[in-house]
Amino acid sequence: MPHPRRAHPLLPLTAALGLVAGTALSGAAGAAASTTPSPDPAPGAVADLLPPPEDGRTRVQIGAFNDFHGRLEAPESTDDGEPVGGAAQLAGALDALRAQEEGTVVVSVGDNIGASTFPSFVQQDAPTIAALNAMGVALSAVGNHEFDAGYDDLVERVGVEGRPGPGGEPPLAAFPYLGANVELADGGPAVPEYAVREVSGVSVGFIGVVTAATPSLVAPDGIAGLRFTDPAEAANRVADALSDGDPANGEADVLVLLAHEGSAGTDCAQVATEGDFGRMLQALSPQVDAVLSGHTHQLYDCEVPVPGRELPRPVLSAEAYGVALDRLVLDVDDATGEVVAQAHEVLPVQGFAPDPEVQAIVDAAVEVSQEVGARPVGRITADVTRAFSGAEDDRGTPSPLGYLVADAQLALTSGAGAQIAFMNPGGLRDDLLFAGGEEEDGVVTYAEAAAVQPFANSVVTMTLTGAQVRQVLEEQWQPEGSSRPFLALGVSRGFAFTYDPQAPVGQRVVSVTLDGAELDPAATYRVTVNSFLAAGGDNFSTLAEGTDRVELGQTDLEVLTTYLGLPENQPLTPDTAPRSSVAAAPAPTTPAPAPSPTTPAPVVPAPSPSPSATAKAPVRGASPVRAGGTSRSAGTQRTALPRTGADAWPALAAGGALVVVGGGLLVASRRRPGTR
């Protein structure tokens, strides 16, 4: 039976925060938390973080990772070519934790699937979930990417409770997904809120929450009827129930919050106070003993003092893609159920022996993906890239790749009357490079195309008025509080617009033309977008108002691969000419005063980068928020390995036929059994 937990008053953090970072050890001996810096562990080593527990104390160890995103193969390597991460090595690291401490439980902080690499995505992430089952994941917070294919897919196919779905079919996941702040329309829980696991006789309660921004990160129609509430309020409600001494509503000795929400930075003072994550930590009940976080793909290892607690609260995040592992060691008093000593670190997943069972799952998935992904789908004459700002993809600048995808969707929906197509920059997850890979230079394979568009959205053509089209362009300037201030839509050939970035909100678009003629606000136009945008995703709410909707019956990936394979595109040359520009200022009637040298120039979306400017930009992997900002040990430089992602069958590459009917392009594709 779990011990009743001592009730703590719910107090805010004090303004003067004493924060510590790095591998930390602390004990409840009436003294303030202290840290003992330790050298970086040798690759593959699991060191003892605490001395053996005293009599009357029980040790619990928690291993956790976040934002795995289907990285079955190692996503990075050292300068010496040693793999960093990968499902088999991650499983090997977890095996090492269990060998070091019998009382070990393994958990995930969400985004296990979605935005995955090709070997996982081509089979709808089934190999990734099989690998997580094999590595003994006990439970997971639900991440925003778990909703990529919609709530029904999560509940009925993936599974949220580790038991058969409504039709009696077994779910893929043998573990529960937790989300205390995910509610149905009637206020009931949409997924389990918590789970309690007995670890060496200690009851450990895990509470899951997901970022409240989820509705703006996934297709709205896939989560229709769900509500994503304040994470701290939901966590506190469940923590109180698990700590009130009433076995009827669940009880736990130790409470750990799995928060698929995280800090934008790695400095512990910033982690504890800034942004949505900092506000969540400040509002969190003292009943919560530790926070394991994710979503932002950062690496931090902090302790945050909490009024009402003798020990500071550990707050950790293990970067992303399985390249690191949270390790939390807790000694629990057998009489009171309180944590009396703790230590923690973020452990690099490097140098561990791969787990053979998980390696077999990875090898089988790679074999399938190599067969499918090697098929050529078209040719290009030069790199077709996203926009970049330094090493990061820049979603606030139009790109040749965005134009290409919009052109493809326009061409293949002309039979539905399409005149305009838009593409959201966040849906572009990789670049098409002229050189590289095992194929001949200029050849685009299915795997490479799938890396660009891994989400397998359907393609929707709708009717909008000219005024609504203009409003869609205005919505590129995102609402206050959004993760990015501006999202530059890729627009199709023949469509152009000018804008004034200094104009008031809602009045920044100056002119909009189609084939050189100004759009008539009262006239109607046929517009094609992917299903994510069609449902109002990325805050493009006007697109959800479109009428007379027709779905092509193909995914955006199928559309792209078909377009790349058209005879007239052999080879395809990227269009780098800008399709939007800053409106020319009217000529002044009186001489304008000279600008002040201290006045900063206005920041506006930049024109499309030229091929020469983007050709050397590094290819980045998929990430929900950002891919950079990681902390790495001195002397260890990681080199990104090729990575891709997909789930549809390219019509022409698979022997499909291209048919012209009434001026529209229809595709009759031969599909491989078992594929969509």
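Mentor: What follows is a discussion of a predicted model.

Trainee: What is the strand order in the open sheet of 4 strands?
Mentor: The order is 28-27-26-31, and the pairing is mixed. Strand 28 (517–518) and strand 31 (580–582) are the edge strands, each pairing on one side only.

Trainee: In which sense do strand 26 and strand 27 pair?
Mentor: Strand 26 (residues 495–499) and strand 27 (residues 509–514) are antiparallel, with 5 bridges between them.

Trainee: Which strands does helix 11 touch?
Mentor: Helix 11 (residues 466–474) packs on the sheet and touches strand 26, strand 27 and strand 28. Its direction makes about 125° with that of strand 27.

Trainee: Turning to helix 4, which of its residues are buried?
Mentor: In helix 4 (residues 151–158), the buried residues include Tyr151, Asp153, Leu154 and Val158.

Trainee: And what covers them?
Mentor: The cover over the buried residues of helix 4 includes helix 3 (126–134) and strand 8 (177–178).

Trainee: Which residue follows helix 4?
Mentor: Glycine 159 follows helix 4, and its phi is positive, near 95°.

Trainee: One more topic: is leucine 557 buried or exposed?
Mentor: Leucine 557 counts as buried because its relative accessible area is 1%, and the cut-off for buried is under 20%. Leucine 557 belongs to helix 13 (residues 556–564).

Trainee: How far is leucine 557 from proline 454?
Mentor: In sequence they are 103 residues apart, while the C-alpha to C-alpha distance between leucine 557 and proline 454 is 7.4 Å.

Terms used
Residues numbered from 1 in each chain as written. Predicted model: local features only at pLDDT ≥ 70, side-chain atom pairs only at ≥ 80, totals over all residues. Heavy atoms only, no water. Helix = DSSP H or I, 4+ residues; strand = E, 2+ residues; numbered from the N terminus. Buried < 20%, exposed > 50% of the residue type's maximum accessible area, 1.4 Å probe, protein only. Pairing = 2+ DSSP bridges. Contact = heavy atoms within 4.5 Å. Axes fitted to C-alpha atoms, helices over the stretch in contact; angles between N-to-C directions.
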